[in-house]
Amino acid sequence: MHLCGDEREDDCSAYTGNGPVSGYCFDKGLCDEHMPSQEDEELSEIGAPSSGVNPAATSLPQRKKNLVVLFTLFSLAAALLYALSVVRLGLQIRDYANNNRFRVFPDSVAWHPLSYRRLFLQNPKWGDERSNRGSSPPYSFFEVSCPDCYSTYAPTQEKPPEVIIFFAHGNAGSYMQAHRLGILFLQEQKIKGRLYTFDFSEQANAHRGALLHHQADFVADTIITLYEDRKNETHNPPFIWLIGHSMGGVVVRMALSTLSDSQVFPLIAGVITLNSPNRQMPVFLDLPMWRLYKTLWDPVQKNVLANDRNGYRNPRILSLTSGPLDLMVQSKHTRLSDSIGCNNGSCIDVTTEHPKVCGKTLMTIMRDYCVVEFWTSAVIRNSLVRGDGISPESRNLKLRNWSLPEGINDPAPPPHSFSDAFSWWAEASYTHVGLTVLVAFSYGSFVLSAIHPLLLRLLLNLRVLSHCCADWSWKSLFTSSHTAVVMVTPIMGIVGHLLLVQIPCCLLPAMEGCKSPWIADTLVCKPTFDPLMLVWCAFAASGPALKGIWMGIIAYRLLQLLLRGSKFGWTKFWLVTHRACIYLRLPRWVRRSPTRSDDNCDEPWNRIIPVTVFGVVVFLCGVLLPLRICDRALVWLCLTIVLLPLSASYQTATFDSSDGRREEAYMLVSAYALLHLIHLHPFFAWRNALRSATFDDATVVDFTSRAVEVLLLVLILSYVMWPLYHEQRLCEQLHRDKLSSLSKALASPWIQRLAPHLCILLVLIPLVWMISVPVASFRIVWVLLYAFPCFLLGPALVSGGSGGTLLAPGTSN
C-alpha cells in the first residue's frame, strides 16, 4: 500500500465507491486483482464497492462469493424460525389458559357488594389531596368496606384481633384489583378486618425508577398518617399487612424501609408479594430503576437491615408466583433468597403449582379463588399467632417465621412445560434469558447499522482490511452492511460477556458488581464450574439475539426510507417552485435551476431556510409550548427527517453514489434522534399523560436523558449550519487555495491517525458493555453520550480529498 497520485484516484474510487479514501489506495496488484464483479452489486448498498467490473475478478470461485449471501440468508431464516416458534408458544399458552380456567368463588362464599370510600388525609408533604394540589402526582387512598358483612359475619370473639391490610396494585393496574381479596377477607369471623387500597391512577411505573420512589413514599407517608390519626381508637395494637401485586410488591418493599424508623414498623406482621420482580427487573429501562435494585442488593445495606431495627426484626415476606405461564415476570425473578433481611426462614418463595396452593400454573394470579384463599388464610393464620402479651415488643419476637400449611416448604414440582418440538426453542429462551437479549441486540444492531459506513471507511483509512482480508469474499463480510451487523453483533456480545462478566467475576468474586443477582445468576462458576451452562444459555439466547439483530436492521432501513422520501419530496418541491418562478417571471437569482451544482457559493438563500426553521422550532418547543421531553424528542426526530435533506434536495433528485456520504452523515443524526426517542419509552409516558394525568418532569426523567437531548440539538445544529458555512466560507478558501488554521490542524498526520482510533473506541466500548449485560439495556444512553464525538466528527474523519484534507459533516467530494 502506498500514497497514490491524482492519476490513481479513479482506480481507488472504483473500489471505495465514493472517491479515494483520504488519499490512500491499495497496491496496483491488490486493487486490480480483487475488484468486485457485477454479481456483487447487492452488497454495495452502504460503503460497499461500486459496480466496476474487472476481468480478474472472474477467477474467484463462485462459492466463495456466495458465502456472504448464504450467511445472511441463513441468519434471516433462523430469526424467522425463532419468531414462528414464539408464535407457536403463544398459541399453546392461550390454549392451555382456555382449557384451565381460573377457579371461581364457591357458592359457600357470598358475593357481597363492596364500597370504596376515598380518604383524605392531611399530610403536608403531599399537599391538599382534595384538590390534588401538592408536590406529587394525583395518587389516592381508599377504604374498602362490606356493608352487609358487618351484620352477617360478626366476630366470634369478644375482642378479636384487628388485622389491617394495605394493598398496592402493579404496573398500570387498578385499586379495584383488591375486590376478590376484600370479599373473602371481610367475611372472616375470627378477626376484625380492615382493608385499604392505594390508587396510583393506573400509572405505568415499570419504565421509571423515580415513579416507584414516588409511589413508595406515598404508601409509607399514608400509613404513618393513618396510624397517627387512629392510634387512639383501639386498645390492642393491630396487625398490619402489606400486599403488593407485580410492581406493587416492589413498592411496598421500598415503603418498608421508610417505615423502619417510624412507630408503625413494630406493628407490621408481614409482606406478601404476588408475581413481583423481587430479584430483578426483566429489563432495566432506566438508570434510577437499576440503582433502586442495586441498593436493595447492596451488601452493606443488607447487613444493616438483617440486624435488629429499634429492637425489632424485619417483617417476614412471602413471595407467591404463578409459574411459567407469566412470560413477563418469570419465577426466577420473584425469588427472595439472599434478599434484604431474609434470614432464619423469614422469607419464603411459593408457587401456585404447589399442591398446597393451586396445583397449577396461572395466567392471572389475582383472579383465581385458590390464590385468594391461600394468601387470605396466610394472613389470618399468622395474625392469630400471638406472643405472651399484647404489646408489640413481646409479639414481634415470635412473628419471625411463617405459619403455613404443612409441606409448603417441600420442593415444588417441576414447572409446567407448554412446548413441543417446534416451540421448544422459544420456551428455552423465555425461561433463561427472557426479553433482555432481544432489547439489547436490537439496540446494538441499529447502532452498528448506522455507523457501519463510517467504521468501514475508518478501517480502510487504517489499512486494516487490505492486510488481513486479501480475499474479496472475506472483504464482503465487512463491506456488506447486513452481513457485517449480523456477524459482528453476536461476536461483540459473546466476547464482551466473557471478558467483562464471566472471567472477572469468576476470578474476583468479591467485586461489587458480581454480587448483583442479574450477574451472579449467569455465572458458570457458581456454585460449581459448569461450562455446559454457558453453552446452554448461548443457545437459548441465540433466538432472541437473531430476532433483535434483524429488528434493528429493519428499523434502520425504515428510517432510511423516511429520509429518502423526505429528500424526494423536497426535490419535487424545488422543481415545482422553479417552474412557478419561471412562469411568474421572477428575477434570475430566484429561479436558478435547482439541478445546477455550479456557482453554489453565490446562492446561500436556500441554505438559510433550514437554519431559520430549526431556530424557530427550538424556540417554540423549548420556550413557548409546554412540551415534555418525550414530545420534544418526537419533534427533534421529525426535524432531522425534514430539515437535513432540504439543502441536499436543491442539487440532486436522488441520493446517487456521489451523494452517498451526505446520506450516511444524515442517517447518523437521524439514528441518534430515533435512539433518543426510543430510550425514553414514549408510549409509557404518553399513556400516563392520557390515563393518569402524570407527566415525565425533571423529577422523573434521569439527567442523562436530558444531556442526550442537548447533545442531539448540537448535532442537528451543526449538520444544518454546515452547508451555509461551507458555501460561504470554505468555498472561497478552496477557490483561493487557502485553509483556516483549524482545517490545517485537522489535516495534520497525527490527527488523521489518532482520531479514527479514538472514534472507533468511543462507539464500540460502551456498545460492547451494553450488550455484554443485556438486562441493563438502559446503557444505550451511555452509548449516545460517549459516541457523540464520533457522530459529530466521524464523517469529517473519512471525507478527505486527495490531499487528505478533512472536511466537515455531510460533505461529499
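## Strands E5 and E6

Strand E5 (residues 162-168) and strand E6 (residues 192-199) run parallel and are joined by seven bridges, where strands are DSSP runs of E of at least two residues and helices runs of H or I of at least four, numbered from the N terminus, and two strands pair if DSSP finds at least two bridges between them. Ile 164 stands opposite Arg 194 in E6.

This is a predicted model, in which local features need pLDDT of at least 70 and side-chain atom pairs count only at pLDDT 80 or more, while totals for chains, interfaces and linings use all residues. Residues are numbered from 1 along each chain as its sequence is written, and side-chain values use heavy atoms, with hydrogens and water left out.

## The sheet

The open sheet has eight strands with mixed pairing, in the order E3-E4-E6-E5-E7-E8-E9-E10. Strand E3 (115-118) and strand E10 (347-351) stand at the edges with a single partner strand each, so one side of each is left without a neighbour in the sheet.

Helix H8 (residues 247-259) lies across E5, E7, strand E8 (268-274) and strand E9 (316-321), running at about 140° to E7; axes are lines fitted to C-alpha atoms, for helices over the stretch in contact, and angles run from 0 to 180 degrees between N-to-C directions.

The axes of H7 and H8 come within 8 Å and cross at roughly 55°.

How values were computed: Contact means heavy atoms within 4.5 Å.
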